[in-house]
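Subject: Structure for you to look at

Hello,

Here is the structure I said I would pass on. Please open it alongside these notes.

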Amino acid sequence: MEVTTRRFRQNTEDACRNGNLRAVLDHATRYFQSKRAAALAVFDGREEHFARARAARLTALSRLPELLEQLEQNASAAGVRVHWATDAAEARALISGIARENGVRVVVKGKSMITEEIGLNEALQSAGAEVWETDLGEFIVQLAGEAPSHIIAPAIHKSRAEVAELFQEKLGLTGQSIPELTLLARQALREKFLAADMGVTGVNMAVAETGSVILVENEGNIRMSTTCPPLHVAVMSLEKVVATLEDAADVLRALPRSATGQRMSSYVSVLTGPRKAGEADGAKQMHLVILDNGRSKVLADPALAEALLCFRCGACVNACPVYQTVGGHAYGWIYSGPIGAVLNSLLLPPDDTRDTPYGCTLCGACAQACPLGIDHPKMLLALRQQLRTGSGFGALHTLLARHPLAYRAAAGTACAVDPDLNLLARLPGLPGVKGFARSRRLPSLKTPFSARFRALQTSRRKGDA
Ligand code: SF4
């Protein structure tokens, strides 16, 4: 997919002018929020359960290298071929290689953000395979030639009428109601499952102590992608490991309630190796690709490592007033909403995401909604800080702030030459200052704050006397 994070401002302005999009988003995010609220209202001891889920994820991050090695050992012992990929290109080459070696012609895929992240579909198509997304929302966006616009509801931006039109145009099939449209997609995909040589899925969790891969879903398409074709490739980012099955159970208590408002998702598959002799189903060959793609670097940053706790429930996305207004595509890459703004900034080159951390009002609705207690506004502020430090203006500001005399001299000069900061706002190469000045009236610096403060203190003293 084309990455348009550099056009984030323009994307959001365009989205704000799209009244239909806002109506669809408003309806869908309200629906998710009300389902979640209803599920949490009857979730006894929810704070304790959320704390347990967070503890399980924190344990995983604090013991990551050790747990990943244990996962590799136990998965290999169960018959899984484990591969490591440093970046997206390596993962694409690895998986395309597996497809070529096995003469794969048709691939069915379960919904997975990680394969979107690495652009796997295009790579498999270049390797000569036909690739089908089998999650209903993913199927819709694939037919439309679009990227997903929500972590758990990829086609959230599409109305029923738009989907009916799409099915008519791309599949030549007519349906109007949601059950009719779902049936049409089911019929179209059923033959793909039966013809598939390879199934590709993401991983919700991988359990180090057993070498198992856990997949959570509601449609049954992921289970079919792992059982119909003879070959299954599961792709996980390295933070998806958990230490024990008990930890996985703690996470599973929090995830569906926060995501879709269900006590438990309709299908939870725990796969420990490929099909064994005497077993009725399962892929004959199973591969697990463990991908870094920048996460080790994130893990080493104390201000931002918390982003890796995320289990992609989407609660923060639904709660976000910015997402509710502009939708997922405005963010310009596959992740959207508060956690998307953080992840896009961490996983893409900084020059591509300079505006992304500013797409947030810092209202805190995301942090309040997150079952894992992730503090998105804090991370977005840290990202803004890093951008300022990396820019010429930020470096100058830091230098002056460390030397009070130089600071006062510079402020005095600015007061004399450019008291209203009009010149400063027009200087090239200062995008942060420009953006600030464009939407705000800057206070005049005719009298520096320090001088005004001193004058205030003096007048108070006189008043006291
Ligand atoms: S940051 Fe929290 S609320 Fe948002 S998707 Fe991740 S786990 Fe869910």
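Below are notes on the sheets, the helices and the ligand shell.

This is a predicted model: local features need pLDDT of at least 70 and side-chain atom pairs count only at pLDDT 80 or more, while totals for chains, interfaces and linings use all residues. Residues are numbered from 1 along each chain as its sequence is written. Helices (H or I, at least four residues) and strands (E, at least two) are DSSP runs, numbered from the N terminus.

An open sheet is formed by 6 strands in the order 1-10-7-4-2-3, with parallel pairing; two strands pair if DSSP finds at least two bridges between them. Strand 1 (81-85) and strand 3 (130-133) are at the edges with a single partner strand each, so one side of each has no neighbour in the sheet. On average, neighbouring strands of this sheet are turned by 20° against each other, direction ignored. Strand 2 (residues 106-109) runs parallel to strand 3 and is joined to it by 4 bridges. V108 stands opposite W132 of strand 3.

Helix 5 (residues 88-101) packs on this sheet, where it touches strands 1, 2, 4 (198-201), 7 (231-237) and 10 (285-291). Its direction makes about 170° with that of strand 10. Axes are lines fitted to C-alpha atoms, for helices over the stretch in contact, and angles run from 0 to 180 degrees between N-to-C directions. Contact between two residues means that their C-beta atoms, placed from the backbone, lie within 7 Å.

Strand 5 (residues 205-207) and strand 6 (residues 212-217) pair antiparallel over 3 bridges, and S212 in strand 6 is the bridge partner of V207.

The ligand shell

Which residues are closest to the ligand? They are C310, C313, C316, I339 and C370, out of 14 that surround it; a residue is near a molecule or strand if its C-beta atom, placed from the backbone, lies within 6 Å of it. By class, the shell has 11 nonpolar, 2 polar and 1 charged residues. Ala, Val, Leu, Ile, Met, Phe, Trp, Tyr, Cys and Pro count as nonpolar, Asp, Glu, Lys and Arg as charged, and the others, Gly among them, as polar.

Regards
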